[in-house]
Amino acid sequence: MGIGATGTVLASSQQDSDRTRSFEAAGPDLPRGTHRMIWSIETDQPYLALTFDDGPDPDFTPRVLEILQKYKIQATFPVMGFNVEKNPALLDATLKAGHEIANHTWTHQRLSLQDDKVTKEQLHRCHDIIRNYSDTPLRFFRAPRGEVSGSCIRYAQEIGYTSLLWSVTRGPGKETNPRHVASYMSKTVRPGSIVLLHDGIGAGTFNRQANFARELHEKRSVEVKALPEFIERTLESGMEFITVSKLADIGK
Ligand SMILES: [Zn+2]
C-alpha cells in the first residue's frame, strides 16, 4: 500500500480497496493545504535532537530521564496514550525535566493496516489523555514504525500536528554491544539529525512475556546502555542536543 498523489490510499487487496472507498467517501470533509513531514532539519548549526518512543515505561523512562539530566539535555518523547494512562507520574517527571511530548498513538497499532475510524481514535485518544494531564505544546505526531497512511496524515493535520519521522537509528537491530551502537550513532549523526531511540517496547507493552516483547526489551536495554557514550562522543564533536521543536524552529 502507498500514498497516491491525490492523498488517497492505493489499495493492494479487496479489504484495502474497501478502506480506500471509505477514505474517499469523506471527500467534502477532506483537509486542504499542505502537510509537513520531518525526517531531519536543514541546518548548518551544530544542533540535533534525540527522540524516545513508546513510553512512559517504568523499566526505561526513569533510566533515560536520569541520563538526560546528568548531561543537562532536553529531548522529545513520542508517548503511547495507553502508557500515559498507566504511568501519569512518569509523564509528569518527563515534563518537569523540561522535555517535549509528542503523540505516538494510543496503543501502537500499525496504521497502514487500520481503517479511517481506528486511525482517528488512535491519534485522538493519545492527544486527549496527554491533555488530561498537561497543556504542554503538542506539535508532533510520530506514526508507529514510521508507517504513514493517508488517514494518519489527515488526522495528524486535523489535530494540528506535523508528522515526525527520523534520520538516524541505533543501527543494526541484532547488535547487542552498547559500545558498537554508540559508535554507529556517533558516526551517523550530523547537524539537524533526528535520532530515533526508545523508552518503551511499543506493541510488546500488551504481551510482555511474548518472545518478540522480550527481544524488544533486550534491544531497548542495549539502546539505553549505549546512550551515555553516544551523548559524550556527540558533545565532544561540538554538537548540542535540543528538542525537535527547537531544532525545527532554527531550521532553514
Ligand atoms: Zn513506537
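Colleague: Let's start with isoleucine 242. Where is the place of isoleucine 242 in the chain?

Modeller: Isoleucine 242 sits in the loop that runs from strand S10 (240–241) to helix H9 (244–250). Do keep in mind that this is a predicted model.

Colleague: Why is isoleucine 242 called buried?

Modeller: Its relative accessible area is 13%, and buried means under 20%, so isoleucine 242 falls on the buried side of the cut-off. Leaving out neighbours within four places in sequence, isoleucine 242 is in contact with Tyr47, Leu48, Ala49, Leu50, Gln74, Leu247 and Ile250.

Colleague: Asp54 makes me think of the metal. Which residues coordinate the zinc ion?

Modeller: The zinc ion is held by Asp54 through OD and by His104 and His108 through NE2, at 2.1 Å. Donors are N, O and S atoms within 2.8 Å of the metal, so 2.1 Å passes the test. Water is not among the atoms, so a site may look incomplete. Along the sequence, the donor residues follow the spacing D-x49-H-x3-H.

Colleague: How do you know that histidine 104 is buried?

Modeller: Histidine 104 has 1% relative accessibility, so it counts as buried. Histidine 108 is buried too, with a relative accessible area of 12%. Both values are below the 20% limit.

Colleague: What is the phi of histidine 108?

Modeller: Phi of histidine 108 is positive, about 60°, although this residue is not a glycine. Histidine 108 lies in the loop between strand S6 (100–103) and H5. Arginine 145 is another non-glycine residue with a positive phi, near 60°. Arginine 145 is in the loop between strand S7 (140–141) and H6.

Colleague: Why is arginine 145 called exposed?

Modeller: Exposed means over 50%, and arginine 145 has 52% relative accessibility, so it is on the exposed side.

Colleague: Which residues are joined by a cis peptide bond?

Modeller: Glycine 55 and proline 56, where omega is about -5°. Proline 56 is placed in the loop between strand S4 (47–53) and helix H2 (61–70).

Colleague: On to the helices. How do H5 and H6 cross, right-handed or left-handed?

Modeller: The crossing is right-handed. The axes of helix H5 (residues 116–133) and helix H6 (residues 150–159) come within 9 Å and cross at roughly 35°.

Colleague: Which residues meet there?

Modeller: From H5 come Asp116, Thr119, Lys120, Leu123, His124 and His127; from H6 come Ser151, Cys152, Arg154, Tyr155, Ala156, Glu158 and Ile159. The contact residues divide into five nonpolar, four polar and four charged. An α-helix has 3.6 residues a turn, so residues three or four places apart point the same way.

Colleague: What caps the N-terminal end of H7?

Modeller: Asparagine 177 does, with a side-chain oxygen 2.9 Å from the backbone nitrogen of arginine 179. The buried residues of helix H7 (residues 178–188) are Val181, Ala182, Ser183, Met185 and Ser186. Their cover includes strand S9 (194–198) and helix H8 (211–236).

Colleague: And how many helices and strands are there in the protein chain?

Modeller: The protein chain has nine helices and 10 strands. Of its 252 residues, 52% are buried. Among contacts with a separation of 6 or more, 75% link residues 24 or more positions apart.

Terms used:
Residues numbered from 1 in each chain as written. Predicted model: local features only at pLDDT ≥ 70, side-chain atom pairs only at ≥ 80, totals over all residues. Heavy atoms only, no water. Axes fitted to C-alpha atoms, helices over the stretch in contact; angles between N-to-C directions. Helix = DSSP H or I, 4+ residues; strand = E, 2+ residues; numbered from the N terminus. Left-handed = near helix turned anticlockwise from the far one by under 90°. Contact = heavy atoms within 4.5 Å. Nonpolar A, V, L, I, M, F, W, Y, C, P; charged D, E, K, R; others polar. Donors = N, O, S within 2.8 Å, 3.2 Å for Na, K, Ca; no water. Buried < 20%, exposed > 50% of the residue type's maximum accessible area, 1.4 Å probe, protein only. Polar contact = N/O pair within 3.5 Å; in protein donor to acceptor, adjacent residues only side chain to side chain.
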